[in-house]
Amino acid sequence: MAKFQSFSIALLVCVIVSNHIVVDANISKNMAITWGNSRSKIEGDSLQLVLDQSTGSGAKSKRDFLFGSFEALIKLVPGDSAGVVTAYYLSSTGSAHDEIDYEFLGNVSGQPYTIHTNIFTQGVGNREQQFRLWFDPTTDFHNYTIHWNPNAVVWYIDGIPIRVFRNYEKQRIGFPNKQGMRVYTSLWNADDWATQGGRVKTNWANAPFTASFRHFRPRACYWNGVASISQCAAKSPANWWTSPAYAQLSAPQLAKLNEIQQNYMIYDYCKDTKRFNGQMPQECYRRQF
């Protein structure tokens with residue numbers, strides 16, 4: 001009996017290792033630069049993306065995932081970063097892709113960065129919320145985390161939740177739960193829209209622009225095809241993100257989220273009645289947190 005128990009435990013460990021990424025914060029093991037500026041580089045646990053007038057740059061994770069927690073420490077472009085966008089997001093591929101976004105919109109010196117968040121399901125987005133940061137994101141690294149489970153997506157900054165998007169699939173509202181996604185980072189020029197609606201353009205005299213990343217930590221379920229849809233959503237000790245503790249925010253987390261949304265949110269698609277001609281997206285009528 002003891003030998004059988006030992007074998008069962010060993011088998012369980014093998015299953016966990018094969019389906020779930022082993023925690024390793026070393027960027028060089030988890031990500032690769034996929035396009036752009038030759039000055040961009042990965043060294044050990046450090047990723048540096050560079051943008052100049054010739055091109056920006058980007059990187060992505062080496063694996064696809066379905067559900068889990070995706071965190072990275074990011075230090076944004078300092079000084080006059082108008083027109084520049086740093087992105088950190090999850091995305092599948094194809095025209096009917098799913099996507100969960102953090103985009104950091106640069107600004108002229110002395111003004112706060114804007115955080116642009118969005119979520120796509122089956123190729124449909126238009127779910128933007130924007131925030132002003134309550135700290136200077138260019139002087140030090142800060143933790144930006146996307147937590148994604150079968151119940152909800154939560155965006156965190158330094159452990160503080162800033163946004164929640166709940167799963168109302170039963171009410172025919174799209175939710176990203178059937179496509180594996182990779183993690184992407186990029187630094188690029190978007191001065192046609194990024195700063196004050198495109199009124200402030202990129203000042204190339206300040207180039208090259210640099211954004212730095214480290215401690216990319218995916219604690220998540222590997223995507224291994226269609227079978228992962230049920231495997232990664234199953235309630236089990238290995239799938240820690242499905243535990244009751246992550247089903248909804250705690251009271252202190254809710255208090256923090258409400259504080260951030262009341263004091264730092266500058267745009268919410270669910271309040272933009274003019275944009276949708278009064279026909280608001282259905283999730284806007286439902287509780288998100």
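I started at Glu-283 and found it buried, with a relative accessible area of 5% (buried is under 20%, exposed over 50%, partly exposed in between, with a 1.4 Å probe and protein chains only). This is a predicted model, so I kept in mind that local features need pLDDT of at least 70, that side-chain atom pairs count only at pLDDT 80 or more, and that totals for chains, interfaces and linings use all residues. Residues are numbered from 1 along each chain as its sequence is written, and side-chain values use heavy atoms, with hydrogens and water left out.

Which side chain meets Glu-283 in a salt bridge? I got Arg-127, at 3.0 Å from N to O (a salt bridge is a side-chain nitrogen of Lys or Arg within 4 Å of a carboxyl oxygen of Asp or Glu). Arg-127 sits in the loop between strand 8 and strand 9 and Glu-283 in the segment after strand 15, so the pair ties together parts 156 residues apart in sequence. I took strands (E, at least two residues) and helices (H or I, at least four) as DSSP runs, numbered from the N terminus. Arg-127 counts as buried too, at 8% relative accessibility.

**Other salt bridges**

My search of the whole structure gave seven salt bridges. One of them joins Asp-64 and Arg-182, with the closest N and O atoms 2.9 Å apart. That pair links distant parts of the chain, 118 residues apart: Asp-64 is in the loop between strand 4 (57–61) and strand 5 (65–75), and Arg-182 is in strand 13 (residues 182–189). Another has the side chains of Lys-41 and Glu-43 meeting at 4.0 Å, N to O. Lys-41 counts as partly exposed at 38% relative accessibility, while Glu-43 is exposed at 52%.

Next I traced the open sheet: eight strands, antiparallel pairing, order 1-4-13-6-7-8-9-15. Two strands pair if DSSP finds at least two bridges between them. Strand 1 and strand 15 (265–268) stand at the edges with a single partner strand each, so one side of each has no neighbour in the sheet. Direction ignored, neighbouring strands are turned by 15 degrees against each other on average.

I zoomed in on strand 7 (residues 99–105) and strand 8 (residues 114–120), which pair in the antiparallel sense over seven bridges. There, Tyr-102 stands opposite Thr-117 of strand 8. Helix 4 (residues 251–264) packs on the sheet and touches strand 9 (129–132) and strand 15; its direction makes about 85 degrees with that of strand 9. Contact means heavy atoms within 4.5 Å, and axes are lines fitted to C-alpha atoms (for helices over the stretch in contact), with angles from 0 to 180 degrees between N-to-C directions.

**Cores**

Which residues touch the most other members of the largest nonpolar core? Out of 53 residues, I noted Tyr-88, Ile-100, Tyr-102, Phe-104, Trp-148 and Trp-155. Strand 14 (residues 209–222) gives this core its largest share, seven residues. A second, separate core of six residues includes Val-154, Tyr-156, Leu-249 and Leu-257. A nonpolar core is a set of buried Ala, Val, Leu, Ile, Met, Phe, Trp, Tyr and Cys residues joined through side-chain atoms within 4.5 Å.

**Asn-37**

Last, I looked up Asn-37, in the loop between strand 1 (31–36) and strand 2 (41–43). Asn-37 counts as buried at 6% relative accessibility. Its side chain reaches the backbone nitrogen of Arg-39 at 2.9 Å. Leaving out residues up to four places away in sequence, I listed the residues Asn-37 touches, among them Val-50, Asp-52 and Ser-57.

Methods: A polar contact is a pair of N or O atoms within 3.5 Å; within protein, one must be able to donate a hydrogen and the other to accept it, and residues adjacent in sequence count only if both atoms are side-chain atoms.
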